[in-house]
Amino acid sequence: APAVARLCSGAAGEAAAAGGDGAMLRHLARKLRASGPVTVAGGRVTVAEYMREALTNPGQGYYTRRGGVGESGDFITSPEISQVFGELIGIWYISEWMAMGKPNTFQLVELGPGRGTLTEDILRVFKQLASVLSKCDVSVHLVEVSPKLSEIQAVMLTGGKVQPNPEDKSAYMKGVSKSGIPIFWYRDIQDVPPGYSFYLAHEFFDALPIHKFQRTEKGWREVLVDIDPEVPDKLRFVLSPSRTPATQNFIQPEETRDHVEVCPEAGVIVQRLASRIEKDGGAALVADYGHDGTKTDTFRGFRNHKLHDVLSAPGTADLTADVDFSYLRKMAQGRTATLGPIKQREFLKNMGIDLRLQVLLQNSGDTATRQQLLHSYDMLMNPEKMGDCFNFFALLPHHRLVRPDKKDKPESKSPLLPVAGFNELLLK
Ligand code: SAH
């Protein structure tokens, strides 16, 4: 089957039935019966706990065991579709680095790097622009929980020459890129050393566990997962009989929707990114499918490039939910400014994708390559494909932006360059 990107949530319809080896299901069933610390009441778990187990359980989690990304995997992502995607993101970082006065050192920190393709493409741009970056000390820091994927990233970025458990750092692995840039791996953003940093999260936040809630006559109730008493080892959704801690903590008082998904872990990570940027400088670029606080039911699974029932054969399929950018903006808590979400096709157009495509087309001799270039451009840009439902969102220090209400006040004295991607790219 041809590789298909994970569809946007509106398309979630028929889910394919699937077998799987059942190990994760048995694990979850044990957990549900045992009423362990994660259970809310009588053998039920939250959707968030279910999703976390299914994706990142150290033994049987989907990312831990399989990883899924790529043409032969279960879903394909923009950096896997075209090198142009990562190159334009590399240019975004250079453009921000220049706009912020060319600090003499920065860390590139990627959350959930998948196969490492995006970092590879960004580092190629850094190498091509070595004369611009010549006096800058660059290092790469990857936050990855999956041992399997960190191995794939190590091969991609260093040729496999890595040192496990280096003594001098909080990293679990380190190596050196082909162009001589040091690379470190961590399990958690909090392990990444402080310092001026450019953060990147592409299709990362959508993989973090969500809680699901439903408005009822008796108030908000959380959607939980339990075992269907009629069918052995079959999971089902049920509503919590009473309020859960999460209904109290995560529903905004002004909420108007009847079904809501909340990803508190995404909120915590955005808070950390915003504090780090406020304190040490830098910027964060988040790219993912999502909405601005309008969608209700986006939890879905993918296996072999097809939609997959989220409750069947956990651990064998990718589970995902749309990113709620309005929630991320709220969680930045004013520590940084935010930009976006802006549609992928607008962001890439602003970054100069059309010109880049023309150059590549001119330089490619054979028809097959040209066809491939046009096809991947269409995948990334077509509003029916990835152009509209994928969004870019950025966190930037306040001083980087003119805020409309401050425009006429004396404190904003220096002329500020527009932020590339969200405006047209102006490289000087
Ligand atoms: N950015 C890549 C991969 C997206 S898949 C791309 O666009 O192709 C999601 C990635 O996040 C995988 O690398 C997965 O192992 C990682 N991941 C999932 N949950 C994580 C967590 N809690 N902490 C760190 N990494 C995580």
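Helices α13 and α14 are roughly antiparallel to each other (angle over 145 degrees), because their axes cross at roughly 165 degrees. The axes come within 10 Å. The model is predicted: local features need pLDDT of at least 70, side-chain atom pairs count only at pLDDT 80 or more, and totals for chains, interfaces and linings use all residues. Residues are numbered from 1 along each chain as its sequence is written, and side-chain values use heavy atoms, without hydrogens and water.

Helix α14 spans residues 367-381. Its crossing with α13 is right-handed. In α13, Ile 353, Asp 354, Leu 357, Leu 360 and Leu 361 make the contact (heavy atoms within 4.5 Å). Their partners in α14 are Arg 370, Leu 373, Leu 374, Tyr 377, Leu 380 and Met 381. By class, this contact has nine nonpolar, no polar and two charged residues.

Helix α13 (residues 353-363) also packs against α5 (residues 83-99). The angle is about 130 degrees, and the axes are 11 Å apart. The two helices are therefore oblique to each other. This crossing, too, is right-handed. Gln 83, Val 84, Glu 87 and Leu 88 of α5 meet Ile 353, Arg 356 and Leu 360 of α13. Four of these residues are nonpolar, one is polar and two are charged.

A side-chain N or O atom of Thr 77 is 2.6 Å from a ligand oxygen. A polar side-chain atom of Glu 144 lies 2.5 Å from an oxygen atom of the ligand. Gly 112 places a backbone N or O atom 2.8 Å from a ligand nitrogen.

How values were computed. Axes are lines fitted to C-alpha atoms, for helices over the stretch in contact, and angles run from 0 to 180 degrees between N-to-C directions. Helices (H or I, at least four residues) and strands (E, at least two) are DSSP runs, numbered from the N terminus. Angles under 35 degrees count as roughly parallel, over 145 as roughly antiparallel, 65 to 115 as roughly perpendicular and the rest as oblique. A crossing is left-handed if the near helix is turned anticlockwise from the far one by less than a right angle, and right-handed if clockwise. Ala, Val, Leu, Ile, Met, Phe, Trp, Tyr, Cys and Pro count as nonpolar, Asp, Glu, Lys and Arg as charged, and the others, Gly among them, as polar. A polar contact is a pair of N or O atoms within 3.5 Å; within protein, one must be able to donate a hydrogen and the other to accept it, and residues adjacent in sequence count only if both atoms are side-chain atoms.
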